[in-house]
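I opened the notebook to look up cores, ring pairs and charged side chains, one topic at a time.

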Amino acid sequence: MLTAVPPDLVVRLDRRAGDGRVTARALLAGTAAAMAGAPVDAVVVDRAARGAPLLRGVATGWHASVSHTGGLVAVAVSRLGPVGVDVEAVRQLPALALSRRWFAAEDTDWLRGQPVERLDVGFLSLWTGKEAVAKLYGTGLRGGRLLRLRTAPPQPPAWRSTVDDPDVLVTHRELPGHVLAIAHRRVRR
C-alpha cells in the first residue's frame, strides 16, 4: 500500500487569510517554479475553458489543481499526469442525510459504521475524495454523477484505488480543522 506522495507530485498548503483565489494563484505559481528550479515569473497561471488551472511557461504541460476554504489553500502540481486536490473545513452537518441523498449506498454504509463524533469528518473525507477525483477528470461535480463515484473508504495516509477506476489513487489527510484529499492517476512504467 502506497503511503507517500509520489515524487512527480507536489502538494502545498497555505493558511493565509484573505482571498483564497489570489493566494491559490500565487502558491500554484511558486510551487511550479520551485519544481522547475526557475523564478516565479517563469510560470504563468491561466485558466482552461472549464476553469481548471492551466500552467504555462516553464511548467507547460504539467497538471495542477487548487482548492481553498476557510483560511486554507491547497495546490497540487504533477509533471506526469492529471491531479486533483480538495480541502474542506470541518464543520457540523447532517452527514448521514447528505450521504443518503448524494452518495453510493456503500459510502453511506461505511459512514454509518463511524463513531458519531466522526460523522462530519467521515462525510467530508468522502466528499473531498470525490471532489479531488472530479478535478482530476476535469469534470467537477456537475450533474451529481461523480458524487455517486465510489472512491473507497478513507484510510489515511494510504493511497487507495477508486472502486470504479483502479488507476485513480486517492489519499486523505486530516489537518487541524480541515480534511484534505488528493487524487492522481497511477503511472504505469
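The entries below go from the cores to the rings and then to the charges.

**Basis.** I worked from a predicted model, in which local features need pLDDT of at least 70 and side-chain atom pairs count only at pLDDT 80 or more, while totals for chains, interfaces and linings use all residues. Residues are numbered from 1 along each chain as its sequence is written, and side-chain values use heavy atoms, with hydrogens and water left out.

**Cores.** I took a nonpolar core to be a set of buried Ala, Val, Leu, Ile, Met, Phe, Trp, Tyr and Cys residues joined through side-chain atoms within 4.5 Å, where buried is under 20% relative accessible area, exposed is over 50% and partly exposed is in between (1.4 Å probe, protein chains only). The largest such core has 17 residues, of which L28, V43, L55 and W62 touch the most other members. At least two of its residues come from each of helix 1 (20-36), strand 2 (43-47), strand 4 (63-69) and strand 5 (72-78), and helix 1 supplies the largest share, 7 residues; I read helices (H or I, at least four residues) and strands (E, at least two) as DSSP runs numbered from the N terminus. I then listed the contacts (heavy atoms within 4.5 Å) of L55 and, leaving out residues up to four places away in sequence, found among them L28, A32, V43, W62 and V77. Another core, of 11 residues, lies apart from the largest one and includes L72, A76, V85 and V87.

**Rings.** I found 3 aromatic pairs, where rings of Phe, Tyr and Trp (its six-membered ring) pair if their centres lie within 6.5 Å, planes under 30 degrees apart being stacked, over 60 edge-to-face and the rest tilted. The pair of F103 and W127 counts as tilted because the planes stand at 40°, with the ring centres 6.4 Å apart. F103 sits in the loop between helix 2 (95-102) and helix 3 (105-112), whereas W127 is in helix 4, 24 residues away, and the pair thus links distant parts of the chain. F103 is buried at 2% relative accessible area, while W127, at 22%, is partly exposed. Ring pairs also join F103, F123 and W127 into a cluster.

I next looked for charges over rings (NZ of Lys or CZ of Arg within 6 Å of the ring centre and within 35 degrees of the ring normal). The charged end of K130 is over the ring of F103, 4.9 Å from its centre, and R79 lies over the face of W62 at 5.2 Å from the ring centre.

**Charges.** I noted 8 salt bridges, each a side-chain nitrogen of Lys or Arg within 4 Å of a carboxyl oxygen of Asp or Glu. E174 and R118 meet at 2.4 Å, N to O, and this pair links strand 8 (residues 168-175) to the loop between helix 3 and helix 4, 56 residues apart. E174 is partly exposed at 43%, as is R118 at 32%. E88 and R91 form a salt bridge at 3.2 Å; E88 counts as buried at 15% relative accessibility, but R91 is partly exposed at 40%.

Which side chain of opposite charge is nearest to E131? It is K135, 4.4 Å away, and E131 is buried yet has no salt bridge; I counted Lys and Arg as positive and Asp and Glu as negative, without His and the chain ends. E131 belongs to helix 4 (residues 119-137) and, beyond its neighbours within four places in sequence, is in contact with D86 and L141.
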